Amino acid sequence: MNFLSISFWAAFCAFFLLYIFIKKWSRTAMLLWVIAFDLFFFWQANGWLMLLLPATAAVNFFLTELLRRRASWILALTVLLDLGTLVFFKYGGAFDSGIILPIGISFYTFQAISYSVDVYRGKYDGRPDFLEFCFYLSFFPLLLAGPITRAGRFLPQIRRAEPATRHELRLGLWLIVCGLLKKGVLADYLAVYNNLAFDSPAAYSGYELLMAALGYTMQIYLDFSGYSDISIGIASLMGFRLDDNFRFPYRSLNLTEFWRRWHISLSTWFRDYVYIPLGGNRKGEARTLLNNFLTMVVAGLWHGSTWMFVLWGALHGAGLAVHKLCRGWLKKIPDSWPVKAASWLLTMLFVMACWIFFRAGSLQDVGEIFRRICTEFDFAYAAPFWAARKLWCVVLAVAMAGLLIPERAYNRLQARFVRLPWIVIFVVFLLAVQLVIQLRSGDIQPFIYYQF
C-alpha cells in the first residue's frame, strides 16, 4: 500500500466511490467505513501488527477519559505506555532481530500523546466518542508518515462531516499531482544515483560525492514533501482540511527559520511536548540554549538508534543554539541582498552537510565522504559526470529550479489550477501518472520516512 502503487489507487477509488454515498447517508456508517479501510490499509503495511493501532486507540481513549479529572499520574501512565510501546518496537530490533518496527507507529503514537497532553493541559476540551477517536488516530492518509495532526484541528471536522466542496476536490487533485511529480518523478530518479554513491563512497570521487550530497538534499525534501502533498490532497478529497507540512524550507536564511518551515507538524510537536516541558525559554539564556540542543538530540534519536541520527540531531541542536546566541549581534548587520545571499548559502551548506550524517551508513562513510570532497574535489570530473548521467543532472536542475519559484507565484499557479475545467485537470493528472511510470526504474522507492 504505497501512495505511488497502482494497487493503492485501485483500492482507494473503490473505497472513495462508496465513501461519497455512505457519507451522505449516515455519519456513523461513514466513520465505520473509513476505520475499516484504515485497518485494512494498516494490515497491508504491517500484517497482524496492525492490532497495535486499535489497542493504542482503546488504551489512550479510556485513560484520557479518566485524565479529565486532572490526575497527573494517569497522564504519566498514558505517556509511559505509549512511549514504552514505541521504544520497544523502534529500538528493540537493535537487540533482537525478530522485533519488527510497524510502519507508522511513530506518527499515530505522537498523535495519541498530543491528544492526552492537550486534554490534561486544557488546550482541547472536546469530548469525542470512541468511534470518533479511532477515526482520528487511524486516518489512513496520515498513518504511514504523517503529517502529525492535533485533535483540536481534526476532531471538529469529523463532527461536521461536511461533503468536500468543489474547491477542496480540485485542491486535493492539485496536491496529489504535485506529490506524484515530487516523489514519483524527481525524488525517485535522484535516489538511484544517490544510493549508489552513499552505499559505496570509496568508489567515487570528491566531485561525484558532492553531487550525491546535493542530490540527497533535494531527494529527501521532494520525497517527504511529496508524501505530505499526497496525504493532504487525499484528505482534501474526503472533505478534511490539514495544515501544510512544508513551506519552502530551502529558502530559509537561518537554521531557526529552517525548522519553522521543515516538517512543521513534527518540529512543532517536539516544541510543544519536549522543548516547552524542558523549560523552553523561561529559565534564562543558558537553559534555553541547552533545551534547544536536547530537543534536537531527542529528535535525532526519534529517527533511529544509530549514532548517525544522534549526531545529526546534535549538529542541528548546536546550530540552533549558536544562532540564538548570536541573534543580538546578527540583528546589527544590514539586511541587504548580499547579506541575505550569504545567510542563505551558509544555512544551506550546513543543512546539506548534516544530511550526509543522516544518510550515510556509518561514521566511517561520513569521514570518507568529507575527506574526498575536501581533498579530492576536481571540476575535471564534471564533463564525464554529465556525459554518464545527463538525465540525472537535468532532474536535479529541475528540482533546484523549483526552489526559485516565489511562494506567491506558487499560490497563483495553484489558484489557476483549481479554476481549470474538470477535463483539463483530469488530463494533467493522467500526464503526472504517465511521467511517474516512464521515469520509474525498477521497484518504487519507499518513502524515506516510512522507516521512522
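Helices here are DSSP runs of H or I with at least four residues, strands are runs of E with at least two, and both are numbered from the N terminus. Before going on, a word on where this comes from. This is a predicted model, where local features need pLDDT of at least 70 and side-chain atom pairs count only at pLDDT 80 or more, while totals for chains, interfaces and linings use all residues. Residues are numbered from 1 along each chain as its sequence is written, and side-chain values use heavy atoms, with hydrogens and water left out.

Back to Phe248. Its phi is positive, about 45 degrees, and it is not a glycine. Most residues other than glycine have a negative phi. Phe248 also counts as buried because its relative accessible area is 17%. Buried means under 20%, exposed means over 50%, and partly exposed is in between, using a 1.4 Å probe and protein chains only.

Now hop to His263, in the loop between helix 11 and helix 12 (264-275). His263 has a positive phi too, about 40 degrees, again without being a glycine. Is His263 buried or exposed? It's buried, at a relative accessible area of 1%.

Next, Trp269, which is part of helix 12. With 4% relative accessible area, Trp269 is buried. Leaving out residues up to four places away in sequence, Trp269 touches Phe110, Ile113, Ser114, Ile148, Arg150 and Val274. Touching, or contact, means heavy atoms within 4.5 Å. Take Ile148: Trp269 and Ile148 are 121 residues apart in sequence, yet their C-alpha atoms are 7.9 Å apart in space.

Over in helix 5 (residues 105-121) we find Ser116. Ser116 is buried, with a relative accessible area of 0%. Which residues does Ser116 touch, not counting those up to four places away in sequence? They are Asn60, Thr64, Leu67, Leu75 and Thr78.

Now helix 16. Its 23 residues, 337-359, should span 33 Å at 1.5 Å a residue, and the end C-alpha atoms are 33 Å apart, so the two agree. The expected span is 1.5 Å times one less than the number of residues. Buried residues in helix 16 include Thr347, Met348, Trp355 and Phe358. Among the elements covering the buried residues of helix 16 are helix 9 (166-199), helix 10 (206-237) and helix 17.

Why is Phe377 called partly exposed? Because its relative accessibility is 29%. Setting aside neighbours within four places in sequence, Phe377 is in contact with Gly206, Tyr207, Leu210 and Arg372. Phe377 and Leu403 are 26 residues apart in sequence and 26 Å apart in space, C-alpha to C-alpha.

Finally, let's zoom out. How many helices and strands does the chain have? It has 21 helices and 0 strands. Of its 452 residues, 53% are buried. Among contacts between residues at least 6 apart in sequence, 76% join residues at least 24 apart. A compact globule of 452 residues would have a radius of gyration near 22 Å, and the chain's 23 Å agrees with that. That radius is taken over C-alpha atoms, and the globule rule is 2.2 Å times the number of residues to the power 0.38. That's my tour, thanks!
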